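Hi,

Here is the structure I promised to pass on.

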Amino acid sequence: MNKVVSKDYFSENVVRLEIEAPRIAKSRRAGHFVILRVDEKGERIPLTISSSDTAKGTITLVVQKVGVSSKKLCALKPGDCISDLVGPLGQATEVKKTGTVLACGGGVGVAPLLPIVEANKKAGNKVISIIAARSKDLIILEDQIREFSDDVIVMTDDGSYGEKGLITEGMEKVIAREKVDEAVIIGPAIMMKFASEVTRKHEIPSIASLNTIMVDGTGMCGACRVTVDGKTKFVCVDGPEFDAHKVDFDEMLMRLSGYRDFEKEANERYQKDQ
Amino acid sequence: KDRTGLERVSMPEEDPMIRRRSYVEVNKGLTPETAMLEARRCLDCANPTCIQGCPVEINIPKFVKNIERGEFLEAAKVLKETSSLPAVCGRVCPQEKQCEANCFYILRLAKPAVAIGYLERFAADYERETGNVSVPETQPSKGLKIACIGSGPAGLSFAGEMAKRGYDITVFEALHEIGGVLKYGIPEFRLPNDVVDVEIDSLKKMGVTFETNFIVGKTSTVEDLKEEGFKGFFVGSGAGLPRFMGIPGENLVGVLSSNEYLTRVNLMEANKEETDTPILKGKKVAVIGGGNTAMDSVRTALRLGAEKAMIIYRRSEEEMPARVEEIKHAKEEGVEFLNLQNPIEYVGDAKGYVRQIRVQKMELGEPDASGRRRPIPVSGSEYLLDVDTVVVSVGVSPNPLIPQSLPDLETTDWRTLVVDDESLHTSVPYMYAGGDIVRGGATVILAMGDGRKAAEAMDQEFSVINERASIKKG
Ligand SMILES: Cc1cc2nc3c(=O)[nH]c(=O)nc-3n(C[C@H](O)[C@H](O)[C@H](O)COP(=O)(O)OP(=O)(O)OC[C@H]3O[C@@H](n4cnc5c(N)ncnc54)[C@H](O)[C@@H]3O)c2cc1C
Ligand SMILES: Cc1cc2nc3c(=O)[nH]c(=O)nc-3n(C[C@H](O)[C@H](O)[C@H](O)COP(=O)(O)OP(=O)(O)OC[C@H]3O[C@@H](n4cnc5c(N)ncnc54)[C@H](O)[C@@H]3O)c2cc1C
Ligand code: SF4
Ligand code: SF4
Ligand code: FES
Ligand SMILES: [Mg+2]
């Protein structure tokens, strides 16, 4: 059992939760994630550790409400407990001093991007961040990203905030403007697919953090498998970060839809019960 | 004479047409009367060869004769002298290849063996169901902290043995449930979770501490645990990594490992309406492989509502590694066996869902290194089989989490841990290992035996150290 210590809303659908987990707070590094189960009937879902406070013994998660499990989690109040939380999982981000790093975050992908931005800044890199979302209310963590970035570009699809346009357009602009040595791309699979096409074209080494379906998170089930460079990899133990130019995003997109009918039905049932 | 004239009991079973759609246990267990009758068959041999067939050397005639006399609780005690999970082993041990294969009846009389497994299950169930579970006595605390990594049968039996000896033992488990494969792998209809839980409760009563949601090497490292005062370590982390065949289309939606399939149902209870975990309820399900895991998967498919549940196995039934009883049960429930056949490609639709398997027929050639006849493809025999779900059950590899976090831990080419044959000591000081992480995919009873053996060896090591220390102190 892990207690929710505090809760804030970034928007109606994006919530920040601070959760008691002293051991994980101590062991975790940028890039790590946890798997949790909200209650006894719940499913196991992966979420990136956005930050941690070792003194308080807490970790922070940023959760977007998309279906039953994320909604149940976001409905918790400070003082409530989640029944299971395990981590830190995955391989930590390898941060080197490379020069200029372009950090691209789409939607709730900005949450896992934040610790990487911070680590890159601390490693002495110049960090240019682009954070993008469909509309203004889905832009999260802007201030925190600014704190560790040399430059921040905000983009929305509908132009309700920042520049109007897709993240790829923002990336092209930066790349035209200055030399970029490395890119980090985190967001919805479809966004990562197109963003990595941009960096591939410009031959910029790129990392993507993959959000495949997971169950155990320990390498035991294979639900999270993806094809990278023609080989099958398990995202939970081999990843979640991979060379973006070698990931088969089409296969990943297809596998992400594997339980969609069930999820839709479950969501409708959940909404009705509320 | 009259003993050998008796017929072996048969196990009462749930009707196949009912059980194929339900999770009730298939084998119903013996009654006190049938158990006593079966126990009479045992000849209490002067040289009980059956014991040599049992990896933990249960005193078989002793427990069986207690049953014959109606001393069922005594029988259960005999079992517990050597086995910490008799109700489990009585259900899942491959008895026909172990104790029963070495029974006098088989070796000398060419008659069916004494039903040792059924009797073992009976005694353990009797003890549990009558609320008489005896908690083994524990020695006074030695004040020595020991960590056990993994809560499968290897870890549980290690923990029990160490608790008896007065060690302060904590079992760390990565998942949210205790029991390893006994919980997430083997289904309810073969091994009800309640049976496992009773055994776990008894360990708790003996003072064993359990920490779930704790991955050693991730949540904390072995070094961290040492700093917290843990002196000895036992690695029972299992062979949890599913293998795939590496054929085209294996990553299509609807192709999954048996671990994923069984975990969703057994650990996450995805078969129940009220839980949130999804499961594919396929209508035409093919399971690739011929082991226990494959049988468990294909029978789970039936219970999830499959109209066609098929086993595709590249050799013939004779070579199948699954227990004979499981194959029989699967057949009774309506599972189709496509033996001497092998998938070579999965074909999907536009949305990426698996729709067909390209299957190749096989024939058997000369025996290979494993002693089994090698399957050889029959050219021109390929055909397409309609499916909507495929469960790949072609074996597992050792879990790499522990070796990855401990560079000094020596592993083999198969990524199992290297241990001393006698003591099960690894290449890292004060660290022992057993079960599937050492053997690759093996059995429950072998894992338990390892836990026991390692506990004995570790206890010796610490006793010697303590003796030396007290001599020094004078
Ligand atoms: C390594 C990793 C880190 C992640 N970090 C974050 C994060 O920081 N914040 C955040 O909001 N989300 C994160 N996600 C995604 C998050 O896990 C999913 O949004 C969540 O599981 C959806 O569950 P649901 O029941 O609410 O929605 P559902 O309606 O059940 O599913 C919606 C979609 O989410 C995906 N999904 C469903 N079940 C799972 C599952 N068990 N595991 C993974 N994906 C699933 C599928 O694509 C599905 O179509 C991360 C995923 C991964 C793999
Ligand atoms: C579906 C199925 C059916 C089977 N049927 C039979 C049968 O009928 N008869 C039979 O004898 N055998 C059967 N087996 C095989 C048998 O279950 C295994 O041989 C046995 O469980 C091995 O025991 P173990 O303790 O070594 O490992 P496991 O049971 O695999 O347990 C290992 C545990 O360690 C945990 N773990 C791993 N790494 C860490 C870590 N770093 N930190 C903390 N915890 C960790 C895992 O989560 C797991 O719970 C079957 C196996 C399967 C999968
Ligand atoms: S533990 Fe297994 S092998 Fe040993 S006596 Fe019992 S059933 Fe037979
Ligand atoms: S070999 Fe068979 S008959 Fe002899 S003691 Fe063992 S179980 Fe009894
Ligand atoms: S989530 Fe099960 S293997 Fe990765
Ligand atoms: Mg869900």
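Below is what turned up in chain B, starting with the aromatic rings.

Some housekeeping: this is a predicted model, so local features need pLDDT of at least 70 and side-chain atom pairs count only at pLDDT 80 or more, while totals for chains, interfaces and linings use all residues. Residues are numbered from 1 along each chain as its sequence is written, chains are lettered from A and ligands numbered from 1 in the order in which they are written, and side-chain values use heavy atoms, with hydrogens and water left out.

I counted Phe, Tyr and Trp rings (for Trp, the six-membered ring) as a pair if their centres lie within 6.5 Å; planes under 30 degrees apart are stacked, over 60 edge-to-face, and the rest tilted. That gives nine aromatic pairs over all chains. Tyr167(B) and Phe462(B) make a tilted one, with 6.3 Å between centres and 50° between planes. Tyr167(B) is in the loop between helix H10 (153-164) and strand E2 (168-172), and Phe462(B) is in helix H19 (residues 444-473), 295 residues apart. (Helices, H or I with at least four residues, and strands, E with at least two, are DSSP runs numbered from the N terminus.) Tyr167(B) is buried at 5% relative accessible area, and Phe462(B) is buried at 6%. Buried here means under 20% (1.4 Å probe, protein chains only).

Then there's Phe172(B) with Phe230(B), an edge-to-face pair at 5.7 Å and 70°. Phe172(B) belongs to strand E2 and Phe230(B) to strand E4 (residues 230-235), so this pair ties together parts 58 residues apart in sequence. Phe172(B) has a relative accessible area of 2%. Phe230(B) also has the charged end of Lys145(B) over its ring, 4.5 Å from the centre; the rule is NZ of Lys or CZ of Arg within 6 Å of the ring centre and within 35 degrees of the ring normal.

Arg303(B) is buried, at 6%.

Finally, the shell around ligand 4 (a heavy atom within 4 Å) includes Cys42(B), Cys45(B), Cys50(B) and Cys103(B).

Cheers

Notes:
Buried < 20%, exposed > 50% of the residue type's maximum accessible area, 1.4 Å probe, protein only.
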